[in-house]
Amino acid sequence: MSSPVIDISALHKTYSSGIRRRRVEALRGVDLVVSPGEVLGILGPNGAGKTTLLKVLLGIVRPTSGEARLFGQPAGDPSARQRLGYLPENHRFPTYLTARQTLDIYGRLAGLPDADRRVRIPSLLEQVGLVSWEDTRVGKFSKGMMQRLGLAQALMNTPEIVVLDEPTDGVDPVGRRDIRDRLRSLKRAGTTVVINSHLLSEIELVCDRVLIMNKGRIIRSGTVDEVARQGTGWRVEVDQLPEAFDPTALQARLEESGRTLVVDSGQPATLNALIDALRTSGVQILGVERHRASLEAGFIDLITSGEESGEESSREEAP
Amino acid sequence: MSRSPGMTTLSGSLLLTFRELWAMRLTQAMLAVATLAWLLLSFAMNMDVVEGSLTALRIFGFESTPTEGHWDEAAGEYVSQAVSLDNFLIGINTFVFGAAYFLGTLLGLFATMPLVNGFLEQGRVDLLLSKPLSRSRLLFGHLTGVWITVFLLATYLVGGVWLTLSLKTGVWMPHFLVAIPIITLMFAVMYSVILTISIGSRSPGLGLVVTYGLIFFSIILASHEQLVPVLSGTSAALFMTIYHILPNFAEVVLVQTQLVEEAAVISWYPLVSSLLFGFVTYGIGFFWFSRRDF
């Protein structure tokens, strides 16, 4: 197995703020390994620790304890960032620079030689659809154009890993599709991508693996299907249930209508056991329907149920 | 010849600072003020120099012979004598350079506050920190850009005034140019305060207030020879401790004047202690910048 691009173990970050030094635990024992070429989506409610995790990885925030490595080097080591591109959430480019000047300056800051910048700048402006705006000051750009310029900036040094924090924030549907296409082409090129986004549909369409964070912990990790399946089950419609029938003993619950039983478990054996019990009790089964939750439903279920299966912080390996 | 990646990143940091200063119209405003100053001098002053001595001086069309004098006790009258051209030039330069020192620094610090704010702004600083250059290198690039700009502006103003007067009078006094490094160095010392406090508190406004406070307090510190004898023992000791710790911004102008006059400098201490203060403050600023979360 090739060496991981990201290797994080037992990472803790506690912020102290205010006169009373109020402590906020942003990360509470995060373990994560990301392999080369993987496209990882990080989900979680506000304050889950997603951005802090990315910032620790980039050396923008220092961990309280634990270890984060990028290309085998400690996070924060400038040489590791040579192979990285980053688009922060709510990034601000100097408004007086044109798109071309912005890419030139951030390309310089990335250590890109003059000759490379001369080639990369027009190419990236073309790719993100800003060629006709190359000499326009970014102060006149819309939010969507700023995001596209931000993406171009993150790709200036042809990075091996791209870290994107809310890349489609404020972008219209067409712009989102363009960014998605760009991410897919990065994936085809073997670039590792880490995306932090609130738009679950975006993650669903692009990522190989999804990681859900809540309260500073990783509470679920897996493919989109695996995470979405957490909300998958069956709905069994029946004629009438006898008084003595107890669905809870069969891992099912009765909806308020009194005629629909819901099996939350994704296991077929559980459904079969319920059907057997219903038939034995002489209950007429009117229909069985499988419901597959979207990633969004799975995510909401996980967060609202307060599931803390990740509390033990099991090591999240790339599949 | 291609640059090393380290030089390329540093050039990016420098270029960003230069462009920011240019975009803030700060550089243009300072250039305009400097140009106005030496154009005013150039047009306002008209001199006739005969065999190297001053015979007449006309400023804004009024002809006069500048004089200085003393009260003659024996004669019981005020005896005047012609001012030498050298002294006249020294007077003009001392005034211009003193104004540039105080006003230039105060205005410059005020104008650069948004620069510090922009540098440390969320969404910009994290983007800068994600680049493959160390935090100290990033901060050094920013500072170098500011220092170079101030040096060039001081050179333009002081050099322009010096050149104008020298061409007008035919008297070349290169030691006047010592004002350039002094203005630049003392600006750098005061900028260390605004930068370091901004890093520590995330409030460039607070940094500016403290910096201005130090400048005005330095006027009081400059009177230490008059104040200390009238203070009690403890107060005098406290006053002198503060005098030694804080930058002696106001007192340095005396060093500058003595250098411009080509007189012996009575004490280098105000300049040296101010530079030490700046050095330590930058050290704290670099340490904070390298340690803090953004």
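Among the contacts in chain B between residues at least 6 apart in sequence, 70% join residues at least 24 apart. Keep in mind as you read that this is a predicted model. Chain B has 294 residues, and 36% of them count as buried. Its secondary structure consists of eleven helices and five strands.

Let us look at one pair of those helices. Two packed helices are described by the angle between their axes and the distance between the axes. In chain B, take helix H1, which covers residues 5–23, and helix H5, which covers residues 135–169. Their axes come within 8 Å and cross at roughly 45 degrees. The crossing in which H1(B) passes H5(B) is right-handed.

Which residues make this contact between H1(B) and H5(B)? From H1(B) come B:Thr9, B:Leu10, B:Ser13, B:Leu14, B:Thr17, B:Phe18 and B:Leu21. H5(B) answers with B:Arg137, B:Leu138, B:Gly141, B:His142, B:Thr144, B:Gly145, B:Val146 and B:Thr149. Sorted by class, the residues of the contact of H1(B) with H5(B) are six nonpolar, eight polar and one charged.

Now turn to chain A, where you can find an open sheet. Four strands of chain A build this sheet in the order S2-S1-S4-S5, with antiparallel pairing. At the edges lie strand S2 (22–34) and strand S5 (73–74) of chain A, each of which pairs on one side only. You can pick out a bridge by finding A:Arg69, whose partner in S5(A) is A:Pro74.

The last stop is the place where the two chains meet. Chain A brings 25 residues to the contact and chain B brings 27 residues. On the side of chain A that touches chain B, helix H1 (50–58) and helix H2 (99–109) of chain A each supply at least two residues. Which element gives the most to that side of chain A? It is H2(A), with three residues. By class, the side of chain A that touches chain B holds 14 nonpolar, six polar and five charged residues.

Methods:
Residues are numbered from 1 along each chain as its sequence is written. Chains are lettered from A and ligands numbered from 1 in the order in which they are written. This is a predicted model: local features need pLDDT of at least 70, side-chain atom pairs count only at pLDDT 80 or more; totals for chains, interfaces and linings use all residues. Axes are lines fitted to C-alpha atoms, for helices over the stretch in contact, and angles run from 0 to 180 degrees between N-to-C directions. A crossing is left-handed if the near helix is turned anticlockwise from the far one by less than a right angle, and right-handed if clockwise. Two residues are in contact if their C-beta atoms, placed from the backbone, lie within 7 Å. Ala, Val, Leu, Ile, Met, Phe, Trp, Tyr, Cys and Pro count as nonpolar, Asp, Glu, Lys and Arg as charged, and the others, Gly among them, as polar. Two strands pair if DSSP finds at least two bridges between them. A residue is buried if 20 or more other C-beta atoms lie within 10 Å of its own, exposed if 12 or fewer, and partly exposed in between; C-beta atoms are placed from the backbone.
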